[in-house]
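This report walks through one structure, from a single residue out to the contact between chains. Please look at the sequence and the model first.

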Amino acid sequence: MSFRLRMMGPLIMIFLAAIGYPLLSSFALSLTNYKITQRNATKFVGLAQYKDVLQDRSYWSSLTVTLIFIITAVILELAIGLAIAMALQNQKRFRNFTRSFLLTPMFVTPIAVGLMFRFLLNDQLGVIPALLNKIGINYDFFGPSRAIYSIVAIDVWQWTPFMVLLLLAGLESLSKQPFEAARVDGASPFYTFRRVTLPMLAPILTVAVLIRSLDASKVFEYVYAITRGGPGTQTQTIQYFTYKTGIQFYRLGQASAMSYLLLLIVISIVVVLFHRIEKVRAME
Amino acid sequence: MSSLFIKNPEKIRRWNIAGNFILAGAGIAVASPFLWVLFASFKSGSQLNNPTLIAFTPNLENWKIVLNSGIFQSALRSAAVGIITVSIAIIVGSMGAYSISRYKTGGSATRFGILAAQVLPPAVLVFPLLDLAYRLRVNGTLTSVIAAHLSLVLPVVTWFLIGFFDAAPKEVEEQALVDGLSRFQAFRKVVLPQVGPGIGASAIFGFVVSWNDLFYALILAPGNAATLPVRIAGFNTFRGVELGAMSAAILVSVIPVLIASFFIQRHLVRGISGGAVKF
């Protein structure tokens with residue numbers, strides 16, 4: 001066996017054991033009516049679970065909730081992240097400290113972030129509603145049709161730093177010449193931003209948005225810590241819904257079918273992402 | 001000299017001031033939740049009922065409750081899971097990443113596989129792992145959590161390392177081969193030290209991923225083997241008295257990662273622009 005294959009061997013083995021096996025086994029589970037409480041009554045049911053899931057209105061509504069969550073969160077993170085990344089790039093003093101400090105939220109345990117904001121935004125004990133009250137505003141952050149946006153705000157707090165990290169790395173890797181040229185020509189900063197920075201940054205923006213979107217599709221901790229899907233099912237994201245089906249109701253077969261359908265969506269997005277990365281790699 | 005060519009220095013100055021305002025605003029947004037929870041952790045039950053109270057006599061009651069709640073055992077478990085996961089991931093990942101970076105093993109299919117593995121919905125993998133854990137009678141133990149965390153950490157770490165190997169110069173290694181080292185010796189004694197900082201940053205990053213995971217740990221080991229995030233989730237009650245304890249528990253989980261993050265951030269920016277996530 002050649003050297004390069006021997007070096008790959010252990011990686012392939014662990015990939016097969018920790019990812020390949022569960023992936024196949026999950027597909028097999030999704031073809032049965034497996035319930036962990038009635039393991040002996042397990043029957044092969046073919047694609048029946050998939051049919052049930054696709055006809056389940058809760059599944060579609062949790063996909064919609066997740067989609068609304070992803071879109072609002074990622075747009076906000078992109079806008080705020082770009083502003084911060086550019087400000088950081090132009091910063092003259094205390095560069096390292098500011099960078100380290102502003103990136104901290106992305107390293108914090110998400111469940112702790114969820115509980116922290118549940119406390120801060122609580123309408124009786126939280127400091128933010130209390131301060132709003134003093135200026136005459138009464139806002140229940142986890143009330144109907146608002147809770148999902150409060151969850152978005154929490155995601156923005158925690159993950160904008162990741163966006164900043166990707167965009168800052170991108171900004172610093174751009175060639176300096178076009179910026180020099182724009183400066184010599186006396187272009188305004190806004191014009192430079194629109195006509196030079198944005199177009200040059202476009203491939204990185206696409207990748208950053210895709211990475212963040214895929215990550216945001218996994219949102220679980222904030223929902224688990226704060227709303228448990230409520231009010232009603234307004235914050236029941238797909239990850240939380242799958243967790244509930246599999247763990248609270250023990251329906252592993254159905255939960256596997258649900259997550260496999262999600263996997264199909266995710267993988268098709270990754271194909272696009274990968275194509276983009278390979279294209280840019282080939283250009284270099 | 002170059003300022004002679006700028007027709008509108010005033011605009012650029014205003015632009016910089018706006019930038020500083022953005023950074024100051026972001027700094028306040030990042031710092032205030034932490035500060036608030038820090039305050040709350042020193043408040044008594046009745047003081048917590050008054051959220052805007054800032055001047056009060058701090059007391060250590062909440063911290064005593066939390067430190068006696070088994071949180072250290074959970075922190076140790078999390079650390080053990082993280083260290084074992086990351087050690088396996090770094091050893092296996094660096095060998096594989098080297099092979100992929102230098103010899104293009106498997107072509108773009110390998111790279112695609114490693115990228116795709118990072119975005120798998122955790123719900124796809126967790127139920128078979130739970131089922132397998134039941135069959136092997138390791139359910140509720142850390143073994144199953146480590147297996148699950150490997151599926152999470154190994155792809156990320158390998159992806160980062162491929163970038164670091166791509167960026168490392170090849171000359172020294174070729175010289176080592178000429179000098180009579182075997183390929184594996186050259187890898188271990190010459191290549192690995194070159195990408196040392198990259199390996200360190202990847203290891204800490206992988207550790208943070210494992211340390212922060214709630215989903216797998218909650219499903220695979222919810223009871224006596226609770227890791228730190230699972231334990232923290234257990235403080236999720238809303239009686240005023242326990243809010244202080246919850247705040248202290250949050251801080252216990254946050255402090256180690258904040259320290260770790262200060263060590264790797266410089267490397268992360270460099271690693272990403274230097275090829276770790278090459279766009």
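## A buried residue in chain A

In this predicted model, A:Phe69 counts as buried because 23 other C-beta atoms lie within 10 Å, and the cut-off for a buried residue is 20 or more. A:Phe69 sits in helix α3 of chain A, which covers residues 57–90. Leaving aside residues up to four places away in sequence, A:Phe69 touches A:Ile148, A:Ile151, A:Val152, A:Ala216, A:Val219 and A:Thr237. A:Asp155 is 86 residues from A:Phe69 in sequence, yet their C-alpha atoms are 9.2 Å apart in space.

## The largest nonpolar core

How many residues does the largest nonpolar core have? It has 160 residues, and those with the most contacts inside it are A:Leu115, B:Leu220, B:Ala249 and B:Ile250. Helix α7 of chain A, residues 147–173, gives the most to this core, with 16 residues. The core lies between domain 1 (2–60) and domain 2 (62–276) of chain B, because both domains give residues to it.

One of the residues with the most contacts in the core, B:Ile250, has partners in both chains: A:Ala112, A:Leu115 and A:Met116 on one side of the list, and B:Val37 and B:Ile232 on the other. Residues up to four places away in sequence are again not counted.

## Two domains in chain B

The domain assignment of chain B gives domain 1, residues 2–60, and domain 2, residues 62–276. Taken over C-alpha atoms, the centres of these two domains are 31 Å apart. Nine residues of domain 1 of chain B are in contact with 11 residues of domain 2 of chain B. On the domain 1 side of this contact, α1 (9–40) and α2 (45–48) of chain B each supply at least two residues. The most comes from α1(B), with three residues. By class, the domain 1 side divides into five nonpolar residues, three polar and one charged.

## Where the chains meet

The contact between chain A and chain B takes 86 residues from chain A and 80 residues from chain B. Helix α12 of chain A, residues 252–283, provides the largest share of the chain A side, 15 residues. The table gives the classes of residue on the side of chain A that touches chain B.

| Class, chain A side | Number |
|---|---|
| Nonpolar | 59 residues |
| Polar | 19 residues |

Conventions:
Residues numbered from 1 in each chain as written. Chains lettered and ligands numbered in written order. Predicted model: local features only at pLDDT ≥ 70, side-chain atom pairs only at ≥ 80, totals over all residues. Contact = placed C-beta atoms within 7 Å. Helix = DSSP H or I, 4+ residues; strand = E, 2+ residues; numbered from the N terminus. Nonpolar A, V, L, I, M, F, W, Y, C, P; charged D, E, K, R; others polar. Domains from an automatic or database assignment. Core = buried A, V, L, I, M, F, W, Y, C linked by C-beta atoms within 7 Å. Buried ≥ 20, exposed ≤ 12 C-beta atoms within 10 Å, placed from the backbone.
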